[in-house]
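Colleague: I would like to go through the interfaces of this model with you. I will ask what stands behind each label.

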Amino acid sequence: MDTGNLLLLVVVMVAVAYYMGRQRSMALARPLGGIRHLHSLPFYYAMRAALWCAIPALVVLGLWLVFDDSFIRTLVIGGLPADQLPASESARGLLLNQINNVASGALPVDSVSPAVAAAAERLGHLRQISTMALAVAVIVVGMLGAAWGWLKISPQLRARQQVERVLQVLFMLCALIAILTTVGILMSVLFESIRFFGKISPVDFLFGLKWSPQIALRADQVASEGFFGAIPLFVGTLLISAIALIVAVPVGLMSAIYLAEYAHPKLRAFAKPALEVLAGVPTVVYGFFAALTVAPFIRNLGESMGLDVASESALAAGLVMGVMIIPFVSSLADDVITAVPQSLRDGSLGLGATQSETIKKVIIPAALPGIMGGILLAASRAIGETMIVVMAAGLSANLTVNPLEAVTTVTVQIVTLLTGDQEFDSAKTLAAFALGLMLFLTTLALNVLALRIVKKYREEYE
Amino acid sequence: MSKTTEQVRQSLAKRYRAEKRFRAFGIASIAFGLLALLLLFTDIIGKGHTAFFEHYIQMEVTFDADTLGIDDATNQDQLNFANYDGVIRNALRERFPQVQSRGQKRELYSLISTGAGYPLRDMLASHPALLGQTRTLWLLADDDVDQYFKADRQGREDSRLTPEQKAWLTSLDDNGQVKKEFNASFFTSGDSREPELAGIWGAVCGSFFTMLVTLLLSFPIGVAAAIYLEEFAPRNRFTDFIEVNINNLAAVPSIIFGLLGLAIFIGLFGMPRSVPLVGGIVLTLMTLPTIIISSRAAIKAVPPSIREAAMGLGASPMQVVLHHVMPLAMPGMLTGAIIGMAQALGETAPLLMIGMVAFIVDVPAGPVDPATVLPVQIYLWADSPEQSFVALTSAAIMVLLAFLIAMNTLAVFLRKRLERRW
Amino acid sequence: MDNASTLNKGQQVRRAANPLQAEGKPPMSNEHPYPEKTVGAPFVDDPKMRMRDVDVFYGDKQAIHGVSLDIGKNEVVALIGPSGCGKSTFLRSLNRMNDTIDICRVSGSLHLEEQDLYDPKMDVVELRARVGMVFQKPNPFPKSIYDNVAYGPRLHGLANKKYDLDEIVETSLRKAGLWEEVKDRLHQPGTGLSGGQQQRLCIARTIAVSPEVVLMDEPCSALDPIATAKIEELIAELSESYTIAIVTHSMQQAARVSQRTAYFHLGHLVEMNDTDTVFTKPQHSLTEAYITGRFG
C-alpha cells in the first residue's frame, strides 16, 4: 500500500472515530436528559476521539517515512559479506547508489558483482516488508487510539479542555516551524561547510584570490580540487550590489519623498502601485531582460563610445537589480517618512521653511534611522539575489571593480556548483554550501541590524 | 519693512530654485521607475508576441504503406513506429523535383519540423482508411522557417537559411502554400528541444502541483502560527525569539531555502529530486513568514470588543478565536496568502537547487512526478541558443505575468471587497 | 477639552456639533443664535493685522463664517471658545498654515499691515518668517537645542557668521527664559528637555527669526501648571516687542495674558472686546453662557 492510499485510509479512520465518538456521547447524554448534562458538547467528544485516532497514526507514519530509508540502507550494507564492506563514506554512497539502481531496474543485474545483486534483491525485499509493516502499524495504532478515545467518553470527561489544549499545542508547533526552518538552514549549510573546511582551509577560502573549482579533470590528479579563494566572488557580489544600490537608493528615496510630500493624491494612487509592480515581477524575468536587452544595449553603447564592455558586464546586472530594488527602498522609505509626525512639518513650515528645506533638514534627518534600515534590507536583498546574476553576470571569477567587466557572484557560483552533475562529497559541491553559509551569515547580520534599527525607530514615534 | 523681511527676500530666489530642483529630481525618479516598468513590459511583449503564431507549409502527402513501413493502420504498435518523416520527405521531393544532391535534400527536409509527423499518426489512427491515399495537408514548419517568415527584410537576409532554402520558401509562399496560425501547441504541449514543438503546459502543470502543495501546507500552518503568536503565546523571550526568526526568515535570500531543501529533504530524508512535492515544501518554508506576518496583522485588526463580547458570554479563548476572530480576519489572511502564493509562483532559485531544472518532456500528472515550473522553464529557454527560444521565453514570461497579475488583482479585490472597516 | 490638534483639523471641525442643539435646548438668542455683527469692539486703529469677512472651508464644510477682527500692534489677543469653534483654524489661516491641508480654502480679506496674505504674489515663506507660530504640542526637531533655534536663521540667511548665529541663539533663548537652564547643554537633543522647556524652546525657535507677529495655538494645553505659568510670564514679556495672537481653551489664561479677547462659537466670532469687559460684562448671551461655564 503506498503512502497516498495509507493517508486516505487514515482520513477514513479518523472520520469513523469522529462519528462513533459523537454517537457515543449522544447515547450517554440521552438517559441523563440531553446533551446539556454532558461536560462538553458532543462535538468535542467526537473531536477528542478523532484526535486520539489521527495523532498516533500520523506520528507513526511520519517517523517511519523519515527513518525507514536510512534503516534499510544500514541493514543492506550490514548484510554484505565482510570483504565487500565499503571502506569510506563516499565508497558507501557509491555502492548504495549501485544497489539502488539495480533494485530499481536502471542497472542490469548481470553488470554487477553477485554480492551487489544479492544486496539489491535484499533491498527490494526489505522495502516491501517495510511498506507492509508500516501499513499494519499505522492501522493498528490508529484503531487503538480511536478505541481508547471512544472508551473514555463519559459525561464528566473534560473533552473541550483537552481538545482545545491539543489544538493550542498544534498551533504552537506551527509557530515553531519558524525556528525549525532557521535551525534547518543553519544545519544544512553548517555541516557541509565544516566538511568543506576539512578539505580546504578557511583561510584559503576567505582570503584566497583565485577561484576556479572547475579544474578537477581526474580524481587522482594532484591539486584536483581546484582553487577555492572566495575573494573574487565577494568582490563581484559587492560590486553588483553596490551598482544596484546606487541606482535604487536615490531613485527609491526620491520617489517615496515625492509621492509622500508633493504628489497629488491621484498621481500617488497611480504611481505607488505601479512602482510596486516592479517588486512583483519575478526575478527570472529581470534576468532575461538584463541578459537579452540591457547587456547588449550597454555593450553597444560602450562600443560606440570606444569602450570595451564585456557582454556580461556587472553594470547590466547591477542596473537591472537596482530597478528591481527600487520598490523595496521606496515603500520602506514611504513608511518611515509618513511616520514622521505632522507637527514637525508644521514646526518647520511655520518658521518659513520651504517644503524641500523641511524635507531635507527635518524630515529626512528624523527618518534617517528608518531609511538606513530600509537600505540595509535592500542591500541584503541585492546580495542574496540570484536569478538576475545567474542569467546576466559572468561565470569566470575576475577580481576587478570595473563595472564594465564580467564578474561572478556568490549566488551564481552556488547555482553553478549545485546544478548539473555532482558528486555529493567533492570539494566542489561542498564549496557551494560554504558559500551558502557566508551568504546566510551576511544577510542574517544585515537583516537583524536593519530590523532592530527600524523597530527602534518605530518605537520612537509611537 | 523690517531687516528680517529684507534678508528673507534676498534669500528667496535661490531657495525657490533649490525647491524646484528638488521637485524635478523627485519627478525624474518616479519617471525613471515607471519608464523602467514600461520598457520591461514593451520589451517582453515586443519579443514574445510572435511566439503565439507559427507557420505551416502545405504539402501533398501520400500515406504510402511502403514508405511508412506498415501494413495495418489499426495496429497501434505499427502506428507508433511508422516512418512518417519518410512520407513527408517524399512529399517535399515531389514538390521540388529539381533537388537532387544529398546535401540539398537535407536542406529541403529541414524546412519541415521534425515533429510534423505526429499529426499524421493521429490522422491515420482515427482514419485507418487513409493508408495509401493522398491528402493535402498543412505541415508544421521548422523554427528557422518560422523565424524567416516572421522576420522583416533585414532579418530575412540575416537568416540562417541557405539561398536555395529561401528560394524554395519564396516559391511555396507565392503559391499560397504557407500559412500563419495560432500556436495552440504552445499552450498544450510540454518542453522540447525543438522550439516549434515546445510548449508550456508541462511547466504550467508543474507550477500548479507545486503551488497546490505550497498552499495546502503554508496556509493552515501560517494561520495557525499567527493565531498562536497573536492570541495564545505568552509574552516572553521564547516568543520574541520566534518573532525574530519569522522576521528574519522573511528576508533570507530564497536560494538559501534551496540549499535547505537540497541538504535536508533530498540529502537527509531521501526525497526524490525534481518533484513538485519537494518544491512545494521548500516554497512553503519560504512563504510562511509572509503569510504569518499578514495573518497577524489581520488578527490584530479585529477589535478587542469582539473578543470581550464573546468572552463575556462564556466562550473559551479557543472558541473566541475559532468562532469570531478567525472568520473576521479571514479576508486579510487570504489576501496575505494570495500575495505569498504569487511570490512563490515567480520563484526560481530555490527550485534550481532541488533539481527542478531538469529537461522534462512529459507533462506531470501528480505532485511526485518529475516536473519543472514556469519560471524555471523560462530560465531554461532563456539559456537555449536557438533564436526562436527568445520569443518562446518572452511568451512564457507573458503567461507567467498574466497569472501573477490575476492573483494580485484577486488579492486587491478581496481586500477592497471583504475588508471590514471598524 | 478642546484638543483640536493641528494635524486633523478637518475631522475635528466636521465632528463638532452645536452643543446647544445637542442638548435639545432652544438657542439662547431667540431665532438667530449668532449676532449679525460681532458684538463689542473687534476693530482698532492702525492694526497690525486686519481681517474682514473671513470664511474657511474644509471641502464642502464651512468652518469659519465671516469673521472680521483686528489685531493691534504689540497687543496680546486671546481667541477663546468651546471645542471645535474654529479658533485654531482661524489662527492657522493667519500665516497660511492651512495651505498644507489640501481641502482647505480661505476667502475674505486678510492683511498684514498693508499686504494681502492671500494675494497670489504674497510669498508664503516670507509671510511665515514674519508671522511665526507656536503649536499646541511642543514639536522640537530631533536636533540639538542649538540647531533647533538656529534652524530658522540659517534657512533665511539671517546670520552670516558663526558669531552672529551664536548671538541670535543666545538672545532668543534668553528671551524665551530658557538660556540659564540650557546654556551648558546647547548641543544635546532638544527632545531631551521637559515638556515646558520644549515649548519654550519652540518659542525661542520662533522668535529667533524675529517675526512681527507670533501666533500661539494653545501653547500650554500639553503642559503642567508650573510650566504653564512660566509660559504665561514669557508671553507677557514678549508682548513688549511682538504682536501675539493666542488660542486658548482656558478662560483664566486668556484673562491673565491678553489685552483683548475674541469669543468664537461654531465658526462665528460672537463677541470681541477688552479682556476685562468680555469676562466681567459679556454683552452676548452665548459669551455669558460660556464664561459662566454653562458649556465648553
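Colleague: Why is the pair Glu126(C) and Arg9(B) called a salt bridge?

Modeller: The model is predicted, so this is a computed distance. The closest N and O atoms of Glu126(C) and Arg9(B) are 2.7 Å apart. The cut-off is 4 Å, between a side-chain nitrogen of Lys or Arg and a carboxyl oxygen of Asp or Glu. An Arg faces a Glu within that limit, so the pair is a salt bridge. Between chain C and chain B the rule finds one salt bridge.

Colleague: How many residue pairs are in polar contact across the interface of chain C and chain B?

Modeller: Three, with both residues at pLDDT 80 or more. On the side of chain C that touches chain B, the elements giving two or more residues are helix H4 (124-130) and helix H5 (145-156) of chain C. H4(C) supplies the largest share, five residues. By class, that side has six nonpolar, four polar and four charged residues.

Colleague: What makes up the contact between chain C and chain B?

Modeller: Chain C brings 14 residues and chain B brings 10 residues. About 970 Å² is buried between the two chains, with 49% from carbon and sulfur atoms. In chain C, Glu126(C), His156(C) and Leu158(C) lose the most area to chain B. Together they account for 43% of what that side buries. Glu126(C) is also the salt-bridge partner of Arg9(B).

Colleague: Now chain B against chain A. Why does Glu357(A) with Arg15(B) count as a salt bridge?

Modeller: Set the value against the limit. The closest N and O atoms of Glu357(A) and Arg15(B) are 2.7 Å apart. The limit is 4 Å, so the pair qualifies. The count between chain B and chain A is one salt bridge.

Colleague: Which helix gives the most to the side of chain B that touches chain A?

Modeller: Helix H1 (residues 3-48) of chain B, with 22 residues. That side of chain B divides into 56 nonpolar, 12 polar and six charged residues. Across the interface of chain B and chain A there are 14 residue pairs in polar contact, both at pLDDT 80 or more.

Colleague: What is the area buried between chain B and chain A?

Modeller: About 6,600 Å², and carbon and sulfur atoms give 78% of it. In chain B, Phe22(B), Ile30(B) and Leu40(B) lose the most area to chain A, together 10% of what that side buries. The contact joins 74 residues of chain B with 80 residues of chain A.

Colleague: How do you know that chain B has domains?

Modeller: The bounds come from an automatic or database assignment. It divides chain B into domain 1 (52-182) and domain 2 (201-418). Their C-alpha centres lie 46 Å apart. Separately, an unreviewed UniProt entry places "domain: ABC transmembrane type-1" at residues 204-411 of chain B. Over those residues the chain is 76% helix and 0% strand.

Colleague: And which residues of chain C does UniProt list for "domain: ABC transporter"?

Modeller: Residues 49-291 of chain C, again from an unreviewed entry. That span is 37% helix and 26% strand, with its end C-alpha atoms 26 Å apart.

Colleague: Turn to chain A. What does the domain assignment of chain A give?

Modeller: Domain 1 (3-157), domain 2 (158-199) and domain 3 (227-457). The C-alpha centres of domain 1 and domain 2 of chain A lie 21 Å apart. Their contact takes 10 residues from domain 1 and eight residues from domain 2.

Colleague: What area do domain 1 of chain A and domain 2 of chain A bury between them?

Modeller: About 790 Å², 72% of it on carbon and sulfur atoms. On the side of domain 1, His39(A), Tyr44(A) and Leu51(A) supply 52% of the buried area, more than any other three residues.

Technical notes. Residues numbered from 1 in each chain as written. Chains lettered and ligands numbered in written order. Predicted model: local features only at pLDDT ≥ 70, side-chain atom pairs only at ≥ 80, totals over all residues. Heavy atoms only, no water. Contact = heavy atoms within 4.5 Å. Buried area = accessible area lost by both parts, 1.4 Å probe. Polar contact = N/O pair within 3.5 Å; in protein donor to acceptor, adjacent residues only side chain to side chain. Helix = DSSP H or I, 4+ residues; strand = E, 2+ residues; numbered from the N terminus. Nonpolar A, V, L, I, M, F, W, Y, C, P; charged D, E, K, R; others polar. UniProt positions renumbered as here; feature names shortened; annotations may be inferred.
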